[in-house]
Amino acid sequence: MEKQTLPASSCSLVLLEETKKSPLLLTNGGGYPPAAANCGLAAGSGGAGPDKKGGVAAGAGPGYQERETWTRQMDFIMSCVGFAVGLGNVWRFPYLCYKNGGGVFLIPYLLIVFVGGIPIFFLEIALGQFMKAGSINVWNIAPLFKGLGYASMVIVFFCNTYYIMVLAWGFYYLIKSFSSTLPWSTCDNDWNTASCIEIFHHQDCKNASLANTTVGGSNMTCAELADGRSPIIEFWENKVLNISSGLDEPGNLNWELMLCLMAVWVLVYFCVWKGVKSTGKIVYFTATFPYVVLIILLVRGVTLPGAYDGIMYYVKPDWSKLGEAQVWIDAGTQIFFSYAIGLGALTALGSYNRFNNDCYKDAFVLALINSGTSFFAGFVVFSILGFMAAEQGVDISQVAESGTVRVSQLRSFSLYLQFVGVEGFITGILDLFPGKYYHRYKREIAVAICCLLCFIIDLSMVTQGGMYVFQLFDYYSASGMTLLWQAFWECIVVAWVYGADRFMDDVARMIGYRPFPWMKWCWSFITPCVCMGIFLFHLVNYKPLTYNNDYVYPWWGEVIGWCLALSSMLCIPVSLLYKLFRAKGTFKERWTHLTTPVWGAHHLEYMAPDIKSLSSMSPGTDDNKVIIFESVM
């Protein structure tokens, strides 16, 4: 097509149609990508405007499916709450808080929330909303760094694989809780050992001779009782896990756990198979029920003897801790864990937003809910720990360090995190397939394959050596290092490759106003420095993985763990080098070509209402159709 010359051309946008066989017909109901609004494009008579209700505009181009949007915006809020709020908030935050100086821990925690947590949380949501794509195609803003998308897909796949075991264990506990006598409340079961003790008060032995005194009618001496094990621990280790002596001894499958695992994967499948429309119908239960449980547990916990001591132990400040580097490192890693940053799922959730949704306000609301839940959960956990310490006559630190608080109800926090993680993975996969691969049941088939593959891998975790495998995934595949590495590159690409000011303009076109410059400063300087600083500290202070501080993993187990970690981290540099070496021209030409944003055809669902004219249409490279828009200011 012959190029038309237009006066006062202010900018040009490059639009790459993903398919080779379906040329883009802009005059047949097509629209312009959201980025077109950045140039103030004016509407022509032939284009269809965006849906006023926030739905998908008509005429997304031939052969392309319309992208779903949330039925109500509250669906998105509840989805992010259900995904980001998990066991990390309920147990890990209170533990780190007491470990690192109580109330003093809130100082580095809140500081890193504002310099790292909220900026990246907002970045991922806004990027998904702007690009209308999952974790892979969203990086078409700078195709050279598309490895970021593949890295997040690897991380979230591993998370989906091993985190489901938390649900399987919780489901197993739920089934066993229907017994008239809870199996973890007595020492009369087949799996109990001779050292099992149902109730033991340490003060009973304070004035007695540990060598020859028996307590409570037991045939065990005080010395033996002091080394005894709770039936809760024995049920977990001897019955649920039936743990072997090491990673090299996988042992037999636990068929009861395997059935629980299968049931949970089936549940996850039916939660995800129909997309955000069905997800939005169940989110209100899965995201709010854990809070009901927490409130009930708090009311019960504060009425128990010793609860006040436990709570004070949780919040009492220890100012000497503030100068320790480990306190700041723990605060940083906790933020990235609890905010679910770097997994790509937040990007997927944001991609289903209406284009003009105020994601800036949403980011602050969600951050408040997330961190508020963490702090609130601490009162629940430590009121119970205070009671347990009073019952056993020991210091609260001993109970907290042992980690014996295994309240099965709290595992309900994991449910929504699990199927939103699968949703994020499936969204990224489906976005890779253009419209010509459309199939009526494409989504259902993709979800089924994903769940089946994860289930097969999970079978290694329901063996007697399954806990060792679970720890490998937990410690390496989605560790602090992988998430920090991912967050660092996200900031670098958006701020320095695509352009922080440019992205701020894009956000302003979506939400109607320009965010406070603090976000831009964080993306450009502060957040990358925080991420890289914590990353390097982790690397320098790396310690080999152990189980219960007793079993040391063999060298080949460490190798497997590092392979899990590097499988995501290397996606970024390997993809970058591959694209650079494969391209033609000088380095500058390659860089310019590979960092030019590529707008997928699905972006045409959204166009500015003031598009004036189409300046040119010319063939591009790689046998793809490239369309260049120029606008009149």
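This is a predicted model: local features need pLDDT of at least 70, side-chain atom pairs count only at pLDDT 80 or more; totals for chains, interfaces and linings use all residues.
Helix H4 (residues 147-176) and helix H15 (residues 442-458) have axes that come within 9 Å and cross at roughly 60°. Residues are numbered from 1 along each chain as its sequence is written, and side-chain values use heavy atoms, with hydrogens and water left out.

**Where H4 meets H15**

- On the H4 side, the contact (heavy atoms within 4.5 Å) is made by Phe157, Asn160, Thr161, Tyr162, Ile164 and Met165.
- H15 brings Leu453, Cys454, Ile457 and Asp458 to the contact.
- Sorted by class, the contact residues of H4 with H15 are seven nonpolar, two polar and one charged.

**The second largest cavity**

- Searching the whole structure turns up four cavities of 30 Å³ or more; a cavity is a set of points on a 1 Å grid where a 1.4 Å probe fits but cannot get out.
- The second largest cavity has a volume of about 40 Å³.
- Its lining residues (an atom within 4 Å of a point) include Ser135, Trp139, Gly344 and Thr347.
- H4 and helix H17 (480-511) each supply at least two residues of that lining, and the largest share, three residues, comes from H4.
- By class, the lining has two nonpolar, six polar and one charged residues, with Gly counted as polar.

Methods: Axes are lines fitted to C-alpha atoms, for helices over the stretch in contact, and angles run from 0 to 180 degrees between N-to-C directions. Helices (H or I, at least four residues) and strands (E, at least two) are DSSP runs, numbered from the N terminus. On a 1 Å grid over the protein atoms alone, a cavity is a set of points where a 1.4 Å probe fits but cannot get out, and a pocket is an open set with protein on both sides within 12 Å along at least five of seven lines; lining residues have an atom within 4 Å of a point. Grid points are joined across faces, edges and corners, and a volume is the space filled by probe spheres set on the points.
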